[in-house]
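Trainee: Please take one part of this model and go through it closely. I would like the ligand site first, then the helix packing.

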Amino acid sequence: MSAFFLKKCSFSAKNYLFLFFLAEYFFGKMSKRKQKKLADLQQMPNVFQNFNWEAAELQNYKGEKVHFQGNWSEKVFKNNAPIVLELGCGYGEYTMAMAQQFPEVNFIGIDIKGPRLWTGAKYLLDNQLDNAVFIRSNVELVPQIFAPNEISEIWIPFPDPYSRKSKSQKRLTSERFLKYYEQILIPDGLLHLKTDSDLLYEFTLKTIDALNCRLLINYKDVYKEHPNKNDVLNVKTRYEQLNLSGADSIKYVRFQLWGKVDS
Ligand SMILES: C[S@@+](CC[C@H](N)C(=O)[O-])C[C@H]1O[C@@H](n2cnc3c(N)ncnc32)[C@H](O)[C@@H]1O
């Protein structure tokens, strides 16, 4: 029946149908892989997932509701070490690298995309790194997930630049997000931004200035300007390697809020 239909079609229609079936086959395979990762993620003891995008209701791998606000170090990591967050962590390269390099610190990577988190969570399990976990949630909920002063540092590697001005408050370094971070960071807590986007870099510098935050380091070309070629600043995430913006330099900004963001 379909062969008869193809014979009747013009050459370009046949090509179109071929491409359609190829795409369906390819995307079908991809989505099966993603579904498998999501199912795996559900079983991972180092992942906490939020299925309610309006409020923080985290579930553990047993499907139990968990509430660790103010007690992440004690209840999850069983220590009193400081906690460092990686926001919009994607595959979690910074969480993986820092957990390995700094065993005396706790790390938490947060992203909404489960199949990406799977890569980081599997790496932590395979390498028995128990000083790091992942949370699948939107970043907007961090003030409900953590308590005041619970977080000592925040890393934001290659956040989506949201190039349209109307979407600027979705940028993870916008005033809106800095206000969320202010609610969970220790007073002298550090924020680190690494980006290939000139737009996001300039936007962040303007926000830092407008809110009287304290700019500590500003590299226009981190690989030229940063003196230490072996520390975590040299970690290259998936999006850094993709270089979607076609940038010829990677920017890095370190700053502190100093509690000066008006609430
Ligand atoms: C451009 S990717 C970068 C991923 C990773 N940091 C890297 O460098 O490869 C941005 C990531 O941020 C996540 N993201 C963006 N906005 C978010 C939000 N509001 N809450 C949680 N994740 C978010 C996306 O799901 C995506 O994985």
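Predicted model: local features only at pLDDT ≥ 70, side-chain atom pairs only at ≥ 80, totals over all residues.

Mentor: Helix α10, residues 238–242, supplies the largest share of the shell around the ligand, three residues. In total, 18 residues surround the ligand. The closest are Gly 88, Gly 90, Phe 158, Thr 237 and Tyr 239. By class, the shell holds seven nonpolar, four polar and seven charged residues.

Now the helix pair. Helix α4 covers residues 93–101, and helix α5 covers residues 114–126. They pack at an angle of about 20 degrees, and their axes are 9 Å apart. Angles under 35 degrees count as roughly parallel, so α4 and α5 are roughly parallel to each other. The crossing of α4 past α5 is right-handed. On the α4 side, Thr 95, Met 96 and Ala 99 make the contact. On the α5 side, Gly 120, Tyr 123 and Leu 124 do. Four residues of this contact are nonpolar, two are polar and none is charged.

Leu 117 has 28 C-beta neighbours inside 10 Å, so it counts as buried. Setting aside residues up to four places away in sequence, Leu 117 touches Leu 41, Val 47, Gly 92, Gly 109, Asp 111, Phe 134 and Arg 136. Leu 117 and Leu 38 are 79 residues apart in sequence, yet their C-alpha atoms are 9.2 Å apart in space.

Definitions and conventions. Residues numbered from 1 in each chain as written. Near = placed C-beta within 6 Å. Helix = DSSP H or I, 4+ residues; strand = E, 2+ residues; numbered from the N terminus. Nonpolar A, V, L, I, M, F, W, Y, C, P; charged D, E, K, R; others polar. Axes fitted to C-alpha atoms, helices over the stretch in contact; angles between N-to-C directions. Parallel < 35°, antiparallel > 145°, perpendicular 65-115°, else oblique. Left-handed = near helix turned anticlockwise from the far one by under 90°. Contact = placed C-beta atoms within 7 Å. Buried ≥ 20, exposed ≤ 12 C-beta atoms within 10 Å, placed from the backbone.
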